[in-house]
Amino acid sequence: MALLEVKDLRVEFPSRHGVLTALRGVSFFLNAGERLGIVGESGAGKSMAAFAILNLVSAPGRITAGQILFEGRDISNFTDTQMRAIRGNRISMIFQDPMMTLNPVLTVGVQMVEALKAHSSISDYEAKRISIDKLREVAIPSPESRFDAYPHELSGGLRQRVVIAIALLTDPAVIIADEPTTALDVTIQAEILALLLELCRNHDMGLILITHDLAVVSQVTQRVLVMYAGRIVEEGVTRTIITDPHHPYTHGLIAALPQQNKPGEPLNQIPGTMPSLDAVPPGCAFHPRCEFADSRCHEELPELRPIDGSGVACHHAERLRELKQGATE
Amino acid sequence: MKSADLAAFLIRRLGQAILVMLVISLVGFSIQDNLGDPLRELVGQSVSEAERQALRDRMGLNDPFLVQYWRFLTDAIQGDLGTSYFFKKPALEVILAKFPATFELVLAATFIIVGVSVPMGVYCAIKPESFISRATMGISIIGISIPVFLTAIFLIYIFSVQLGWMPSFGRGETVTLPWGWRTGFLTADGLTHIVMPAIALSSIMLPLFIRLIRGEMMEVLRTEYVRFAWAKGLAPRRVWFLHALKNTLIPVISVAGVQIGTLIAYTILTETVFQWPGMGFLFLEAVNRVDTPLIIAYIIVVGLIFVVTNTIVDVIYTLVNPMVKIIGGDA
Amino acid sequence: MSAISTFLQSDLLYRFRRDRVAVVSFIVLATFVLAAVFAPLIAPQNPYDPMQIDIMDSELPPVWQEGGDPRFVLGTDHQGRGMLSTILYGMGISLVIGVFAVLLQAFIGVSIGLVSGYMGGRVDAFFMRLADIQLSLSTLMVAIIALAVFQAAFGNELYEDLAIIMLILVIGIAEWPQYARTVRASVLAEKNKEYVDAARVVGLPRMRIMARHILPNTLSPVLVISTVQVANAVISEASLSFLGLGMPVTQPSLGSLIHSGFEFIFSGSWWITMLPSIVLIILILSINLLGDWLRDALNPKLYRDE
């Protein structure tokens, strides 16, 4: 049985323009110790999925349909008190910008100890000891002095390590990392990703890594979901998705990577932009930007179906496959 | 922060404070120089011009400006701010006698302001859609629109004139403490007398701070670090009253510092309506009587209070806000 | 005509009409302003013409109370002047001082803000330091001291003649930092935008760039704080007059009326102080409500839904 299973999740926002749907029936699963990536452009709904799992969707948005099964129980209906036992305890989350994630007026130590004491009745002394150990584990030099530091006294990379350490304190079953490296320098990014990978392996921890950066996903995750306009359009083993994508959008994303170009060639941008929540096209949301689109794509919402081991939500996935095979021959 | 940094900061602030006091004293002295004629108060009309000049010489009134100013300063530091024309007593002594009354009034008003605005502001931020929140915000805009003296007049009219419940003027019975401080807090009569003036004095500050705290707190509640606190599974009380409130109150301390001067001005208004025997009421009477030494002495004393409280607020702010750099930067 | 029709169809007007509070406040305020402007025409009597007052008429209650006189709908004060007339004239004075003081503040503040923001560097640092210092001083306190000193120096008679100018000057000069800060913030935001670079490249002189291009974009925040500032100016003037440091009894604003009427609430003639008080409160309240609406209407609504 999967550790975490999301079924047909819908998240909606009432607004001046009517009801906006941020997640339109998303389903996926995560096994224990597995590392899953969720990629997509901004606005695709990836962070929304993460927040929904922990029931942290900000009002007035709310989960309107679907189930979230964690260790066999449906937590989408949990009360706040029940959720609190899970948040920061069994499922931890880290956010994008470590400067904004840590409270500027509280020391690192305070923010670590409280995470422990919220979920177990241990002494201050014990909590401090565990916290310093964790700081050491994420490779923070002189953890004792860092314990008493304020967030602004640390560099960006160190801060993100602190945030990761906080997430690890309670030995959670799953860590959800929402764009953990986007706000960091490129050199630090690699270090943080390597750290995450190592920690997940050492602690047999599940990881859901949310990012818009395919390169990040390829380094760390075993499986990946590609999201577009609130739905999953492709899913499968990371290496396969990246080397052999089946959905036109995924294909476009990979082709758009600068590494794919020969010098002097123009970049292969996907024409158009992701639709905003109040202007989602009917049928397949990608069809206005897709070169294979026909009237069926305009009317009928494609469901995920298996193709060569990946799940693809496209009416013309076979055509794309044939084209690619033709191109390589 | 290290204590050496703190000491350096304090010394710098102290230097600034002294500088400001010098400026105030210069302003005060210049006013005194040009306002009223001390001679007129001392001698009658029938004194000859020659005798007047001689008197002026003897009193040092014909000396150059800087000499007179220096004399003024040295006198002031020793506590001599001139002699009140009306009371025929040292001006400083007259003012200080009224200080306890004003101080207790301000203290009572501050209790009300802090005790009401912090809980209300926090509550309105956490539950902005509730009936109480909306009602509070609605009432607060009315509160801001009623000047202090009108609140005072209305309170008197309703509770003293019409209902006869509360006294309308003075401090009531006071008790003199061993070191000379006359307090109204130790008698029931004194307490009933301070209630309405304190409410009037707090009436404009209260809506201001409620709105301020609510606004700041609502912004803080939207930050990533508060979201992270929720994601850690912390109890709501901790998130609201530690994570959020500490960040909320830091800018509020700044605002409070700036409002101190206004509060002192409002005490003049309140004391006038309630005939509260404090420094503000004294000042107004001195203005009406053109009692120059008393006017100047009041300006200097108020200036000193302003400088001292501002410095204290600055220091508190620096201690509370860990992001403030002490060396090389001003708070 | 096209500017008017643009306005009539604008989003702003639409939102205004939908907000009942704003509409009511506007009507009330407009009524007050018109009443004050036309006071000499509509007031039953000129309360400052000694020929028109009779001390025998003093302390008559409003017409709905026992003892009231239909000649004086709102009653009379202790000198026999009709309350309606004194309030109308007084409101006019309060408004004049409030508006002109704010015009002065705005003129000084916007100019300094523009120059400071655009020039940057030492000029900017100097003005902002000055503004900081001035902001930390309470306007009311400074006004009380300044006016007290002037009154003591000039003597009562001269002071009475100058009072209205003194009030406008003191309130006007004390509050320029609010405008300066606001405008400077806008200027700093606009300075880096492309159209300024374009204008500079074309060779337009600095003053022209500031006045013609940057200034219009700073008007929106200036408008928003202006309403609050007018309300504050009216409150300040009323407070000062109430203390006897503002408008004299011979040319009273609402504050002075309240001052002279205060002692009479103990002897039962409540209307002498209460009626001007109520008018003052409604005046300030309607300005504040309009200001609140204006602030919400001119700002992008990020989080709130209608």
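In chain B of this predicted model, helix α7(B) meets α8(B) through B:V148, B:T151, B:A152, B:L155, B:I156 and B:F159, which face B:M196, B:I199, B:A200 and B:L201.

**Packing of α7 and α8 in chain B**
- Two packed helices are described by the angle between their axes and the distance between the axes.
- For α7 (residues 148–162) and α8 (residues 188–202) of chain B, the angle is about 145° and the axes lie 8 Å apart.
- The crossing of α7(B) past α8(B) is right-handed.

**Helix α1 of chain B**
- Buried positions in α1(B) are B:F9, B:S25, B:G28, B:F29, B:I31 and B:Q32.
- These buried residues pack against α4 (65–77) and α13 (292–320) of chain B, and also against α7 (139–154) of chain C.

**Contact between chains A and B**
- Chain A contributes 22 residues to the contact, and chain B contributes 19 residues.
- On the side of chain A that touches chain B, at least two residues come from each of α2 (80–86), α3 (98–101) and α4 (108–117) of chain A.
- That side of chain A consists of 12 nonpolar, 6 polar and 4 charged residues.

Terms used:
Residues are numbered from 1 along each chain as its sequence is written. Chains are lettered from A and ligands numbered from 1 in the order in which they are written. This is a predicted model: local features need pLDDT of at least 70, side-chain atom pairs count only at pLDDT 80 or more; totals for chains, interfaces and linings use all residues. A residue is buried if 20 or more other C-beta atoms lie within 10 Å of its own, exposed if 12 or fewer, and partly exposed in between; C-beta atoms are placed from the backbone. Helices (H or I, at least four residues) and strands (E, at least two) are DSSP runs, numbered from the N terminus. Two residues are in contact if their C-beta atoms, placed from the backbone, lie within 7 Å. Ala, Val, Leu, Ile, Met, Phe, Trp, Tyr, Cys and Pro count as nonpolar, Asp, Glu, Lys and Arg as charged, and the others, Gly among them, as polar. Axes are lines fitted to C-alpha atoms, for helices over the stretch in contact, and angles run from 0 to 180 degrees between N-to-C directions. A crossing is left-handed if the near helix is turned anticlockwise from the far one by less than a right angle, and right-handed if clockwise.
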